[in-house]
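Let's take a friendly walk through this chain, asking at each stop what stands behind the label.

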Amino acid sequence: MDLTSYRGRRVLVTGITGFKGSWLCCVLQNLGAEVAGYALAPATKPALYDLLSLADSSNTTIADIRDLDTLQSAFKRFQPEVVLHLAAQPIVRDSYKDPVYTYETNVMGTVNVCECVRRSESVVSFLNVTTDKVYLNRENENLAYQEDDPLDGYDPYSNSKSCSELVTHSYAQSFLRKAGVAVSTARAGNVIGGGDFSNDRIMSDCVRSVAAEKPIIVRNPTSTRPYQHVLEPLLAYLMIAQKQTEDISYAGYYNVGPDECDCVDTGSLVDLFCSTWGGADWRIEADGGPHEASFLKLDNGKLKRTFGWSPCWHIDDAVYKTVEWTKAWLAGEDVRRVVDRQIDDYLKGF
Ligand SMILES: NC(=O)c1ccc[n+]([C@@H]2O[C@H](COP(=O)([O-])OP(=O)(O)OC[C@H]3O[C@@H](n4cnc5c(N)ncnc54)[C@H](O)[C@@H]3O)[C@@H](O)[C@H]2O)c1
């Protein structure tokens, strides 16, 4: 896939201080794009954004996505051509603790971004990053969700992302398409990779435990998720945003998930992590937490048929790259060099 058209493009990434946003910023910089960001300050210590010193190399506004005026000023200053919207409260358990904040950020945040795109004269391509959890989950292990399945996430996070989809669809129909702005949403699976320090994510829990030489605690080893390396959806987002700029008929809704053979349960993922790391072990500790889906699979056929896309890395590659990154980081290697090397490896197969 040729992504050379990003050279010199002005790309605004909301959520740039997060896990995906930081990797995305590096990919875009390596492609020669001019990158601006909009997000809250990094929420963890350490944070990938800080390890990569992205505050120095990206033109980032640290502010709240719920603040329309500040967001609008950032749009006016930067005049983006491409907008990739990743800012969100993305943790299911946190959404049970604070549903109002989750809806405000994920729904009104999306309204604000759509509104800035509507008022902008520079944007030609807009992509809203949602999630595999936007679908009405029928808890059927044989079912892989397709793009026209009903949207109705169960918990406040998933449901706020279903709403974010609907908001985007309405803005696209009512305003943006007529103005020649290509708009898509992308529903990706759970991502893993080096540098995710968030709470309540299985690979981050694994890394934290082995770094502290403690056994890994797993809550739901039988839950199945479409796990993929973080570079898989990021390059798919860039591909969709580019393709829809070339031909607006590509604008739409896309699942971005691994192939069926790589949809594994959490226990198998942790087994794979332990064997790749060497000498790590795990145990189950159910904590009676709130409802989370047991089975979640995405049908990635539309993305394949439309663009000839296919995933580059299997689940064992994704775990290997996560372990490789983590060991390099713990050994004090230059993190940007490791990230760039992994991006180059990935792009060879893309
Ligand atoms: N990580 C995954 O497995 C996964 C899977 C599917 C979809 N997604 C989606 O991808 C996107 C990025 O996820 P991530 O894993 O990088 O999450 P993350 O928590 O690492 O990053 C979230 C980003 O959003 C920003 N943000 C949060 N609240 C904000 C607010 N009120 N105002 C401004 N910025 C705010 C944060 O500052 C941060 O930059 C999210 O939209 C998430 O729903 C993630």
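Predicted model: local features only at pLDDT ≥ 70, side-chain atom pairs only at ≥ 80, totals over all residues.

Q: Why is S53 called exposed?
A: S53 has 11 other C-beta atoms within 10 Å. Residues are numbered from 1 along each chain as its sequence is written.

Q: What makes the phi of S53 worth a remark?
A: Most residues other than glycine have a negative phi. S53 is not a glycine, yet its phi is positive, about 50°. S53 sits in the loop between α2 and α3 (54–57). Helices here are DSSP runs of H or I with at least four residues, strands are runs of E with at least two, and both are numbered from the N terminus.

Q: Why is Q79 called partly exposed?
A: Q79 has 13 other C-beta atoms within 10 Å, so the label is partly exposed. Q79 also has a positive phi of about 50° although it is not a glycine, and its place is the loop between α4 (68–78) and β4.

Q: How do you know whether N142 is buried or exposed?
A: N142 has 7 C-beta neighbours inside 10 Å, so it counts as exposed. N142 lies in the loop between β5 and α7 (156–176). The C-alpha atoms of N142 and K297 are 155 residues apart along the chain, with 8.4 Å between them.

Q: Why is L231 called buried?
A: L231 has 26 other C-beta atoms within 10 Å, and therefore it is buried. This residue belongs to helix α9. Not counting residues up to four places away in sequence, L231 touches W23, G193, I343 and Y346; two residues are in contact if their C-beta atoms, placed from the backbone, lie within 7 Å.

Q: What makes the peptide bond between K45 and P46 stand out?
A: Most peptide bonds are trans. The bond that joins K45 and P46 is cis, with omega about 0°. P46 is found in the loop between β2 (34–39) and α2 (48–51).

Q: How do you know that β1 and β4 pair?
A: Two strands pair if DSSP finds at least two bridges between them. Strand β1 (residues 10–14) and β4 are joined by four bridges and run parallel, with V13 having L84 as its bridge partner in β4. β4 is also joined to strand β5 (residues 125–129) by four bridges, again parallel, and there L84 has L127 as its partner. β1 pairs with β2 as well, in the parallel sense over five bridges, and L12 stands opposite A36.

Q: How are the residues of β4 placed, buried or exposed?
A: V82 and L84 point one way from strand β4 (residues 82–85), V83 and H85 point the other way, and all are buried. In β1, four of the five residues are buried.

Q: What makes a set of residues a nonpolar core, and which have the most contacts inside the largest one?
A: A nonpolar core is a set of buried Ala, Val, Leu, Ile, Met, Phe, Trp, Tyr and Cys residues joined through C-beta atoms within 7 Å. The largest has 94 residues, and those with the most contacts inside it include V13, L84, V117 and Y237. Helix α9 (residues 231–246) gives the most to this core, nine residues. Leaving aside neighbours within four places in sequence, Y237 is in contact with L84, L127, V129 and A186.

Technical notes. Buried ≥ 20, exposed ≤ 12 C-beta atoms within 10 Å, placed from the backbone.
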